Number of protein chains: 4
Amino acid sequence: MKETYIKEFLQIQPNNPVLIEGLPGLGLVGKIALRYLIKQLKPIKFAYLYSPHFPYFVLVNKKGNVRLLRGAFYYHKNPDGNDLILFTGDSQSQTIEGQYEIANRMLDFSEKYGVKTIATIGGYRMEPKEKPRVFIAATNHVLLEQALAAGGILSKAGSPIVGTAGLILGLSKFKKIDALCLLGETRGYLPDPMSSKSVLEVLKETFHFNLDLKGLDEEIVKSETMVAKLQQIEEKRALEAEETKKQDDKKTTYIS
Amino acid sequence: MKETYIKEFLQIQPNNPVLIEGLPGLGLVGKIALRYLIKQLKPIKFAYLYSPHFPYFVLVNKKGNVRLLRGAFYYHKNPDGNDLILFTGDSQSQTIEGQYEIANRMLDFSEKYGVKTIATIGGYRMEPKEKPRVFIAATNHVLLEQALAAGGILSKAGSPIVGTAGLILGLSKFKKIDALCLLGETRGYLPDPMSSKSVLEVLKETFHFNLDLKGLDEEIVKSETMVAKLQQIEEKRALEAEETKKQDDKKTTYIS
Amino acid sequence: MKETYIKEFLQIQPNNPVLIEGLPGLGLVGKIALRYLIKQLKPIKFAYLYSPHFPYFVLVNKKGNVRLLRGAFYYHKNPDGNDLILFTGDSQSQTIEGQYEIANRMLDFSEKYGVKTIATIGGYRMEPKEKPRVFIAATNHVLLEQALAAGGILSKAGSPIVGTAGLILGLSKFKKIDALCLLGETRGYLPDPMSSKSVLEVLKETFHFNLDLKGLDEEIVKSETMVAKLQQIEEKRALEAEETKKQDDKKTTYIS
Amino acid sequence: MKETYIKEFLQIQPNNPVLIEGLPGLGLVGKIALRYLIKQLKPIKFAYLYSPHFPYFVLVNKKGNVRLLRGAFYYHKNPDGNDLILFTGDSQSQTIEGQYEIANRMLDFSEKYGVKTIATIGGYRMEPKEKPRVFIAATNHVLLEQALAAGGILSKAGSPIVGTAGLILGLSKFKKIDALCLLGETRGYLPDPMSSKSVLEVLKETFHFNLDLKGLDEEIVKSETMVAKLQQIEEKRALEAEETKKQDDKKTTYIS
């Protein structure tokens with residue numbers, strides 16, 4: 001394996017499919033969204049993507065077996081509209097050139113299966129006020145309007161979209177493929193299922209497929225409990241630091 | 001896209017063109033100069049340069065569309081002398097090999113369009129006393145003399161010219177292309193339109209084209225206000241530091 | 001040499017061989033195990049592996065001669081079962097792509113000699129309580145069971161296996177080769193022959209070959225003496241640090 | 001230029017030539033030695049080596065011209081023995097793969113000109129007591145004996161030789177070329193002409209060519225003055241540090 005390589009182990013014949021991509025990144029927004037889509041839609045796994053630009057370790061599974069880091073493609077027959085091809089994985093590329101190579105390989109693969117539209121999912125670092133907003137950008141005006149109508153908010157001009165979620169949009173213009181990016185607001189330093197939920201709401205409206213999102217609520221409660229705990233620890237630490245500072249100030253005042 | 005790639009979308013037939021290059025670097029001297037040339041000369045954009053050695057993110061524009069980082073080539077029909085091809089972009093290469101690859105690709109492209117002379121623009125880190133000086137170096141003696149006559153100052157022997165602005169000169173010797181580098185004096189840590197203005201003055205004299213430089217003055221005023229503010233902040237901080245030191249000295253004197 | 005390259009200098013005709021791999025890594029567990037196997041079994045060295053991804057220095061030997069960093073393959077005729085091919089070396093790859101390239105090259109080479117099973121050896125960072133345990137993972141269920149029966153413990157699900165020892169397992173699935181990984185518990189920061197001994201015990205039971213392990217005991221005693229010394233130093237330092245802290249606390253208490 | 005590339009601009013017909021290599025490294029021992037050889041022997045420059053693995057800047061010369069970083073090959077007709085090909089340059093490779101690529105390219109080039117022996121020069125970090133010693137290693141026993149007879153000392157077994165000076169020896173074994181490495185003892189942090197002189201003494205005896213070494217003495221005096229000054233500064237700083245510490249100790253003693 002000298003280059004990124006896709007191994008297909010099942011033949012699929014998708015009907016006008018849309019590819020949805022979500023890899024690990026800020027707040028794991030894309031990864032959690034895809035994991036949930038896979039859990040709910042129960043699609044068929046049909047191909048793996050391997051790359052020498054992934055980190056050089058393997059993972060042990062429950063049975064003591066081992067596998068390379070990889071991405072996986074899943075196929076979902078959608079009775080209500082476009083079929084879906086889902087893509088997620090363990091990691092993004094560890095090298096610059098690998099980032100471009102992997103995004104290119106995914107576009108070649110999409111072309112082969114007649115994919116005309118790709119949606120990529122990621123996180124956008126911003127303290128969400130209430131419900132996390134979903135910032136969108138797209139290479140096609142109609143697609144953008146659909147996502148706006150579905151609740152997305154136009155991304156701020158000039159803002160960068162880092163990694164695979166961004167490069168797929170940039171490189172899709174060399175193919176006859178339109179692409180949409182959905183970025184969920186997230187603090188970014190912890191897995192953020194609430195942000196993923198916001199993204200999935202916009203996504204399912206944009207592409208007209210059914211998805212029950214209640215299943216994410218349990219995960220959201222857990223993550224909020226975690227955030228609350230971390231905030232308490234943080235506040236306690238801030239208080240202690242202030243107390244220490246006061247003590248220090250006393251000492252120095254006394255001395256001088 | 002495995003390698004740096006130039007996509008032409010308009011046919012041009014330049015007359016003995018000179019290529020002028022300016023990418024982001026020290027004080028953004030080259031980038032600001034090229035941006036201003038493009039604003040004033042209103043040239044026609046005819047090609048993009050893409051590279052897997054650019055950073056791996058994309059940029060969102062005002063309409064929510066997205067694009068790869070890239071360089072752009074512009075064509076200006078010059079009634080008074082050589083036609084101009086202008087080149088600027090978002091970024092330099094992030095890898096060593098990419099730096100060489102991009103400069104090479106630009107030289108191949110220049111050859112194709114019959115470019116015999118290239119001017120590259122950059123910054124030279126030095127606190128300018130009055131008006132920023134313009135240091136020059138060239139691969140051809142006549143070209144050097146022309147730029148000296150136009151107000152340039154000979155670069156100090158042994159000084160390095162880093163990045164695309166330098167490599168184009170170094171690699172141009174493998175082609176039948178002469179190249180000139182113009183480096184504007186700059187503090188380097190802030191966008192420096194005044195340095196760009198100095199460079200453009202020398203450039204337009206060297207290559208005999210018309211360019212009204214007044215349009216840069218507004219930008220210069222803004223940047224000087226910014227510099228003045230930063231200096232005030234810096235001075236205040238220095239004073240406070242001195243005060244703190246005096247207090248500290250008192251304390252230690254008292255103790256010992 | 002643009003790529004990893006294996007130079008064979010002796011023809012061998014192994015009978016259904018098992019390849020055993022151990023390169024420098026955590027606690028040098030793999031390297032020490034292979035060094036000991038080579039010392040005891042006295043196999044024939046028949047090939048070297050070179051790579052431009054190894055560190056860029058050479059080593060001087062006792063006679064003032066010099067050699068590139070490399071890996072070496074050894075052949076052992078085993079009267080009691082499968083023949084053995086042993087592999088160890090000076091270093092792992094210094095680049096990500098090199099890690100994949102070297103593991104791939106070793107698999108191609110194994111295929112050529114009819115290797116159907118590979119065992120890789122490494123360290124697992126964990127403070128061993130008594131005798132170091134041996135964690136195992138395998139790409140084949142029967143192989144896993146054999147190693148469990150021989151005293152191995154199932155690796156924890158989700159744990160990563162870094163470097164060549166892991167990638168060989170991950171990449172072996174693209175060939176008709178089964179692979180087993182044995183990771184000896186080790187503190188990891190010092191050469192750990194005791195951990196290597198544990199691994200070798202499991203290894204020889206799994207693959208039915210004779211190996212007297214007493215020869216490792218001297219090395220183990222030395223390393224334990226070293227660990228004990230380091231612990232004394234560490235404890236002394238901790239005591240001094242505490243003493244200093246007490247003194248400091250006195251001072252501050254006095255002052256405030 | 002995608003790869004390391006040698007541009008020949010003069011035809012030479014050397015008689016059984018020995019190649020002598022010295023690039024920038026520890027104490028600049030190799031670079032200074034080669035610079036001096038070139039100054040004294042007045043050889044003919046006949047080829048340049050360029051590489052995309054060199055740093056990505058160019059250098060300005062006295063006339064305001066510019067050049068890529070490069071290595072240069074020189075040819076010296078030696079009436080008393082083997083002709084000499086000398087090689088030095090601005091820099092070593094900045095990447096691991098580049099280090100291997102450049103050493104390989106130099107060996108191919110050597111082969112083309114019938115070079116059967118290469119000598120590489122570098123520094124060895126060690127505080128020299130009197131006159132710097134010269135540590136040697138070689139791929140051929142006769143060559144090693146010659147250099148020992150000429151005053152070299154056998155390199156310590158296990159010691160690494162880093163960079164081009166080492167890799168050329170390691171890689172020369174794939175060609176029918178013998179190679180010798182001479183490492184001059186040096187503190188390493190300053191240009192060290194005295195170490196270069198020691199190396200050149202051994203070198204000229206080994207290969208039987210005339211070389212007046214007095215010309216290096218002026219440079220040595222300068223560098224020793226520099227070292228002496230730096231030591232004074234260092235000693236003064238140490239004294240001040242001790243004084244400060246005493247003062248601090250007084251304070252703390254007083255307080256506690």
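Two strands are said to pair here if DSSP finds at least two bridges between them. Helices (H or I, at least four residues) and strands (E, at least two) are DSSP runs, numbered from the N terminus. This is a predicted model, in which local features need pLDDT of at least 70, side-chain atom pairs count only at pLDDT 80 or more, and totals for chains, interfaces and linings use all residues. Residues are numbered from 1 along each chain as its sequence is written, while chains are lettered from A and ligands numbered from 1 in the order in which they are written.

**Inside chain C**

Let us start with strand 2 of chain C, which covers residues 18-21. This strand pairs with strand 7 (residues 84-89) of chain C in the parallel sense, over four bridges. It also pairs with strand 8 (residues 117-125) of chain C, again parallel and over four bridges. C:Glu21 has a bridge partner in each of these neighbours: C:Phe87 in strand 7 of chain C and C:Thr120 in strand 8 of chain C.

In a regular strand, side chains alternate between the two faces of the sheet. In strand 2 of chain C, C:Val18 and C:Ile20 point one way, C:Leu19 and C:Glu21 point the other way, and all are buried. A residue is buried if 20 or more other C-beta atoms lie within 10 Å of its own, exposed if 12 or fewer, and partly exposed in between, with C-beta atoms placed from the backbone.

The axes of helix 1 (residues 29-41) and helix 5 (residues 193-207) of chain C come within 8 Å and cross at roughly 65°; axes are lines fitted to C-alpha atoms, for helices over the stretch in contact, and angles run from 0 to 180 degrees between N-to-C directions. From helix 1 of chain C come C:Val29, C:Ile32, C:Ala33 and C:Tyr36, which meet C:Pro193, C:Ser195, C:Ser196, C:Val199 and C:Leu200 of helix 5 of chain C. By class, this contact has seven nonpolar, two polar and no charged residues. Ala, Val, Leu, Ile, Met, Phe, Trp, Tyr, Cys and Pro count as nonpolar, Asp, Glu, Lys and Arg as charged, and the others, Gly among them, as polar.

**Between the chains**

Two residues are in contact if their C-beta atoms, placed from the backbone, lie within 7 Å. The contact between chains A and B takes 28 residues from chain A and 22 residues from chain B. On the side of chain A that touches chain B, helix 2 (96-112), strand 9 (134-138), strand 11 (160-162) and helix 4 (164-172) of chain A each give two or more residues. That side divides into 16 nonpolar, 10 polar and two charged residues. Strand 11 of chain A runs antiparallel to strand 4 (residues 57-60) of chain B, and three bridges join them. There, A:Pro160 has B:Leu59 as its bridge partner.

C:Gly158 lies in the loop between strand 10 (153-154) and strand 11 (160-162) of chain C. This glycine counts as exposed because it has 9 C-beta neighbours inside 10 Å. Leaving aside its neighbours within four places in sequence, C:Gly158 is in contact with A:Leu59 and A:Val60.

| Chains without contact | Closest C-alpha atoms |
|---|---|
| chain B and chain C | 10 Å apart |
| chain A and chain D | 11 Å apart |
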